[in-house]
Amino acid sequence: MSVFSYIVSGVSSFVAVTLSLFALGQKVPRAAFFARCFAAYGSLLLCAIYGVIASIILRLAGYGRVSQWATARSFKWVMRCTTGVQFDIIEGKEHLSTRPAVFISNHQSELDVLMLGEVFPPYCSVTAKKSLRHVPILGWFMALSRTVFIDRANRETAVKAFDSAAEEMRIHRQSVFIFPEGTRSYSDKPDLLPFKKGAFHLAVKAGVPIVPVVAENYSHVLSPRAMRFKSGTINIKVLPPISTEGLTAVDVDDLTKATQASMLKTLLELSRKESAEIELNAQPKASSTAVEI
């Protein structure tokens, strides 16, 4: 068999297993969990392949700085079709046009890739841990599309990476998207992990605003602990830009704490709204037959 035949056979088997799990999930909830996990990771691989091709073509055409935006949009539509999950910006969409800026967001799970598909603006790059550079296909796409790789184990190289990113922001007006928690929380309640200060140092160094993006806790849609993964809509709020004008490194600590407090407040508000909607939907419907007294 040729290499192409092996690829076709592998993809066909993957699709067949995923569809079988979806069918079984009608009666066995755990099967539905694995079906959507397979669909999500398959979508990620497909979009990463597209991202490699798109990054090469866009760089050759002189538009390499929008390749991550183009790939993020593919995540939005492909994963919406394969998982039935979508993110909805209910407030602050106009703030996504801020440029250049440091965009930050809470980080809950791998599903945040789909969230990036909804909010990621043109002329923006993500940051990622250095080890992802060596992941086949995904790492190739990230390297080609100007991802800012951070070596968390080496402060000196991490500082150099942020210095380079700040220069890119000043010269080319390229924004950066960072998850300040540094890792996925997988939290089943509306909460935030402690924020790392790199995003705030970068914003102050580059002299650009910070734009917080808050996605509601979506454990009702995806919870690895409960082995729950179902379709649904997840709400997002984009908060107004936070100016860093006139700030220095000594102000970073206060800036970090104030921003985290603001994002946590919004996260709790989104969760209360979600709880209220669930409670309202759970109430019995009034009878359509009126009784006169």
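These legends go with a set of close-up views of a predicted model. Local features need pLDDT of at least 70 and side-chain atom pairs count only at pLDDT 80 or more, while totals for chains, interfaces and linings use all residues. Residues are numbered from 1 along each chain as its sequence is written, and side-chain values use heavy atoms, with hydrogens and water left out.

**View 1. The second largest pocket.** About 400 Å³ of space lies in this pocket. A pocket here is an open set of points on a 1 Å grid over the protein atoms alone, with protein on both sides within 12 Å along at least five of seven lines; its lining residues have an atom within 4 Å of a point. Points are joined across faces, edges and corners, and the volume is the space filled by probe spheres set on them. Which of the 16 lining residues come closest to the centre? They are Val11, Phe14, Val15, Gly42 and Ser43. Helices α1 (3-24), α2 (29-60) and α3 (67-83) each give two or more residues to the lining. Elements are DSSP runs numbered from the N terminus: helices are H or I with at least four residues, strands are E with at least two. By class, the lining has 11 nonpolar, 5 polar and no charged residues. For that tally, Ala, Val, Leu, Ile, Met, Phe, Trp, Tyr, Cys and Pro are nonpolar, Asp, Glu, Lys and Arg are charged, and the others, Gly among them, are polar.

View 2. The structure holds 1 cavity of 30 Å³ or more, a cavity being a set of grid points where a 1.4 Å probe fits but cannot get out. Look for Tyr186 in the loop between β5 (175-178) and α7 (198-206). Tyr186 isn't a glycine, yet has a positive phi of about 50 degrees. With a relative accessible area of 27%, Tyr186 is partly exposed, since buried means under 20%, exposed over 50% and partly exposed in between (1.4 Å probe, protein chains only).

View 3. His107 sits in the loop between β2 (102-105) and α4 (112-119). Is His107 buried or exposed? At 11% relative accessibility, His107 counts as buried. Its side chain makes a polar contact with the side chain of Asp112 at 2.7 Å. Polar contacts are pairs of N or O atoms within 3.5 Å; within protein, one must be able to donate a hydrogen and the other to accept it, and residues adjacent in sequence count only if both atoms are side-chain atoms. Beyond four places in sequence, His107 is in contact (heavy atoms within 4.5 Å) with Asp112, Phe179, Glu181, Thr183, Arg184 and Ser185. Phe179 belongs to the loop between β5 and α7 and is buried too, with a relative accessible area of 18%.

**View 4. Helix α4 and the largest nonpolar core.** Helix α4 is largely enclosed by the rest of the structure, because 7 of its 8 residues are buried. Those buried residues are Asp112, Leu114, Met115, Leu116, Gly117, Glu118 and Val119. The largest nonpolar core has 38 residues, and among those with the most contacts inside it are Leu111, Met115, Val119 and Phe229. Such a core is a set of buried Ala, Val, Leu, Ile, Met, Phe, Trp, Tyr and Cys residues joined through side-chain atoms within 4.5 Å. Helix α2 supplies the largest share, 5 residues. A second, separate core of 29 residues includes Val204, Ile210, Met263 and Leu267. Back at Phe229, contacts beyond four places in sequence include Ala32, Phe33, Arg36, Leu111 and Leu222.

**View 5. Backbone details in two loops.** The peptide bond from Arg99 to Pro100 is cis, with omega near -10 degrees. Pro100 lies in the loop between β1 and β2. Met227, in the loop between β7 (222-223) and β8 (228-229), has a positive phi near 50 degrees without being a glycine.
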